[in-house]
Every structure is written in C-alpha cells, then in structure tokens.
Amino acid sequence: AAIARRLGMPPRSSAFAAILFASIHRVWPVLALGAGNDHSLSFFTLAAVDAGLALVRRPRPGAAAAAGAALGLLLATKYIGVLFVPTLLGVLALAWLVERREERVPARVIAGLAGLLAAVLAVTAGYTYLRNAVTTGNPIFPAPLKLFGVEVFPGWEVASISHRDTAPEFQIDLWSFLTRRRELFGPFFPLTMLPAAILAPFAALWRRRWTTALVLSLPAAFFLQFLFLMHDHRDMRYFLPGVALAAVAFVWLLDWIGPRAFPLRAALLALMTYQAARRLGLNGVQEVLLTLALLALGALAERVVRRQTAIRAIPGIPAAPWRWIAAGLLAILALPLGWAVETYQEVKLRDRPAPFALERLAGPRGARVAYVGLNQPYHFFGSRLQNDLQIVPRNWDLAAQYYRWGSPTTDPFTFTTYRRWRRILERLGIELVVVTRTPWNDPERSWMGRRTDEFRLQYVDADAEIWRVLPRKAGARERGGAGR
C-alpha cells in the first residue's frame, strides 16, 4: 500500500492493491499463519522498495538508513536476498538518475547517503555472513562460489546451481504453473495480476513515468531470477514480493483506465473480500457477515480520509470524531477476526491427521519429540508450540544438531549404529519419534520397527508414523511377559 501511494495512487487504490494480494489463499492465511520466513522476506523486499523511493525523491539520512535496514534484513532472512538485493540496488540507482536528472546533488551528499545506507546494511545483514566466513571460510556457505571456472569460496557441491538444476523440483511447465495452479495463485491471478505484471511497465514507459516503470518491472525481474537461479520451482513463495508488486501494477492500470473501471473494481473487491473471509473455517452466515463488516469498515475508512482532508482544507473547523468512530469499529471487528484466525488454526490442525494424533499423544503439556524424514517439521510443534521438537543427529556430535559459531560442517546424519542413536535419544530425553516418510530409506524407521520392545507404534498413515520411546526396563519386562 505504501508503494502504491508513492507511485501516486489514492488511498482507495492503495488499499485495493493490498486486498488483492491478501486475497490469494496461499498468501493469506496459509503462508501468513505458517512457520516459514517467506512473508518476512517479502516484507523486507517491499520495505526496501518503499524506502528507496523515498530516498530518491527526497534524499535524506532517515530514508537512507531505512533503505539500508530493509536491504540488510532481506539479506539476513533468506539466501534469496543475495539475488534480490543487487536487483533492488540497480533499480534504486536507475531511479536516482531519473528523479535527480534535473537537479545536481553535491557529490559529498551522495557519498554520505550511500555510505550510511551501506553501513546500516552491513550491520543488519552482517551477522549470518560473518558467522559463515569465520566458521567455514565461505560467507555464503554451503553454496560454493566460482568465477570464470575458478573456485572463490569452497562449499558443498549439492548446494551448487549446477547440481540443483538437475533436481526434479527444478523442472517446470511455465504456462501451467502461472495459469493453472489455483492452489498457489487463486482464481484471480491469471486475469488480473499476471497480465498487469507484463503490461504495466510498458504502459508506464509510454506515459513517460520512468520510476513507475522501474518499480513495476520488478515482478518480471524477480520471476526470472526464480526461473533461472532458484532450484525449487514447485511454489510461488520464492518470488512472493513480485506477486505483491503485480497487485500494485494491476491497480495502477485500473487507475489509468479511470471511472470506467469502477464496476470491475467494485465486483473484484466484493469477491476478494468474500474469498478471504471463507478461508477461516466459518459457516456461510458468518462469512457473509464478516465480508459485509470488512466492506463497511473500508467504506468508513475512506470516508474518514475524505472528511479529514476536507476539514483540513477549511480553516477554523474543528476535527470531526470520525477517526475515533473508525478506531472503535476496528477494535470491535478485531474480536471476531481473532476468533476466526484461531478457528482456522484448529481446522488446519484437524485436517492433518498425524499432527492431530501427536497433539493427543503429547497431551496439553507437550512432549520432547524427535523428528525423522522429510524436512516438514512445522506442524509438529503443537497447536500452542508446546512440543520440544528436535531433529536428532545420528552421530554423537550433538554440536552438529544446530549451526552456530564454530560448529562443525560435517553431515550430522551419516549412517551409524542403532545403539549410538538410542543413547542420543536418552540423553536428549526424547519421548516420541515422528517419522515423515520419504523416497529414501532413513535407518531410524527400520531400527524402531525391529525393536518393538523399545518402541511402540502409536500412529501410522500413508505419510507418517509416530512411535513412543519405551524405557529400557519397561522393554525388558515386556520381553519377559511375551516369553511367558
């Protein structure tokens, strides 16, 4: 919404762009209420665009510091930041040339602002890369870096681009991915944001809105980086900020069309609001009421903005209490919204049989749980994060369980003996073991399956198993009872 405002859109259009982005089910509530860092990455990317626009239009230290902080936090959040930050800096530099082409800014001012931006970026982004450099000699470990065939930083070959490009998740059917993956993009994307991401930059160039064209070209740039430089093409979350900016592009086109687009805007607004409301596990009446409440609140907010603008334009007229009425309605609306989010979380848990079974087995106080198999541990922390979930190494080096300063970079999951792994479980106080099945064979599952006197199978389905760890004495008594 802030980016839309900086591109000259009114508050109504700015809010519409945000709602269009949030109407994608994958965006909200799935990723928003999940355990991933994709929304954080998207937020810092968009914040960098917003702060960058503020900096190029009004050069000042505060905007430079905000841009540096956003870029640094983007770098510190996920490896994708290594790809996005140079792109954003390039757009920022071009926008600076466009906005300042008729104004000569002293070189010392430019150097000071650039130095401040770089310093804040280094402070906010430096921790992870400094830790990697000190620990491994490679700031972007585990990815190796080669320039012109010469290895600059050593790393794991499995993390290299050449190796990732051969993985099955790298394959993509481009047309099907962008137009038919409704579970990712929702029903509106192919007809709204996708064509806007292609057309809006050219429309902005035709209107000689150079900075707008640069900003609206970012969705295409982020998607091309996703297509050629990222190994996993199964999800849209890796270029999520591009999807958000595509929503800005669509609304910018609607504003360009003018009043003739009002029927389309109104119909989409009602449909998107209802689409978002129906994702929260409510019944039909509640969904309709929530939709009407959200639309009414939006209309009231717009009225407040217009009223306050009119009052400020007429001297001597005191401020009306519209803002307090809007704040009160928003506070009242927060109660059912909070309840709706909690309902969604409960429904999400019930729809996943294995996490729901673990919820019952661990009890309200939770348990110490070991996780084995596919890297999808998010749902097993419990509905209130009550479980202590650990991915347990097979070797005895428990320092390899988490990556810290000076941690070893050897593989903690090398094949070892059952006896060693069992002692690690006892040392960590593990009570339950969750196995998410994978195409490869993890030894833990076969170890437990052959030792039913030390592990008891509590739950099994096509995707997961849950085993309870039995004390060794209890296991010995069970063997004796079975013998008798």
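Is E103 buried, partly exposed or exposed? In this predicted model, where local features need pLDDT of at least 70, side-chain atom pairs count only at pLDDT 80 or more and totals for chains, interfaces and linings use all residues, E103 comes out as partly exposed, at 44% relative accessibility. The scale behind that label runs from buried (under 20% relative accessible area) through partly exposed to exposed (over 50%), using a 1.4 Å probe and protein chains only. Residues are numbered from 1 along each chain as its sequence is written, and side-chain values use heavy atoms, with hydrogens and water left out.

First, the overall picture. The protein chain has 484 residues, and 43% of them count as buried. Its C-alpha trace spans about 95 × 65 × 45 Å along the principal axes. The chain holds 21 helices and seven strands; these are DSSP runs numbered from the N terminus, with helices being H or I over at least four residues and strands being E over at least two. Taking contact to mean heavy atoms within 4.5 Å, 65% of the contacts between residues at least 6 apart in sequence join residues at least 24 apart.

Next, helix packing. Two packed helices are described by the angle between their axes and the distance between the axes. Here axes are lines fitted to C-alpha atoms, for helices over the stretch in contact, and angles run from 0 to 180 degrees between N-to-C directions. On that basis, helix α6 (residues 81-99) and helix α13 (residues 218-229) have axes that come within 11 Å and cross at roughly 150°. That makes α6 roughly antiparallel to α13, given that angles over 145 degrees count as roughly antiparallel, under 35 as roughly parallel, 65 to 115 as roughly perpendicular and the rest as oblique. The crossing of α6 past α13 is right-handed; the near helix is turned clockwise from the far one by less than a right angle in a right-handed crossing, and anticlockwise in a left-handed one. On the α6 side, L83, F84, T87, L88 and V91 do the touching, and they meet L218, A221, F222, Q225 and L229 of α13. By type, the residues of this α6 and α13 contact split into eight nonpolar, two polar and no charged, where Ala, Val, Leu, Ile, Met, Phe, Trp, Tyr, Cys and Pro count as nonpolar, Asp, Glu, Lys and Arg as charged, and the others, Gly among them, as polar.

A second pair is helix α2 (residues 11-22) with helix α15 (residues 262-277), whose axes come within 10 Å and cross at roughly 45°. That makes α2 oblique to α15, and α2 passes α15 in a left-handed crossing. R12, S13, F16, I19 and L20 of α2 make the contact with R265, L268, L269 and M272 of α15. Six nonpolar, one polar and two charged residues make up the contact of α2 with α15.

Then there are the charged pairs. Side chains of opposite charge can pair when their charged atoms come close. With a salt bridge taken as a side-chain nitrogen of Lys or Arg within 4 Å of a carboxyl oxygen of Asp or Glu, a search of the whole structure turns up 17 of them. One joins the side chains of R6 and D50, at 2.4 Å from N to O. This pair links distant parts of the chain, with R6 in helix α1 (residues 2-6) and D50 in helix α4 (residues 38-57), 44 residues apart. R6 is partly exposed at 33% relative accessibility, whereas D50 is buried at 18%. E103, the residue in the opening question, pairs with R100, their closest N and O atoms being 2.5 Å apart. R100 is buried, with a relative accessible area of 10%. In another bridge, E183 and R181 bring their closest N and O atoms to 2.4 Å. E183 is partly exposed at 46%, and R181 is partly exposed at 25%. R26, D38, K78, D235 and R237 are linked in a network of salt bridges.

Finally, two single residues. L116 sits in helix α7 (residues 107-136) and is partly exposed, with a relative accessible area of 30%. Leaving aside neighbours within four places in sequence, L116 touches P61, A64 and A65. L116 and G62 are 54 residues apart in sequence, with C-alpha atoms 9.4 Å apart in space. D388 belongs to strand β4 (residues 388-390) and counts as partly exposed at 32% relative accessibility. Beyond its neighbours within four places in sequence, D388 is in contact with A367, R368 and V369.
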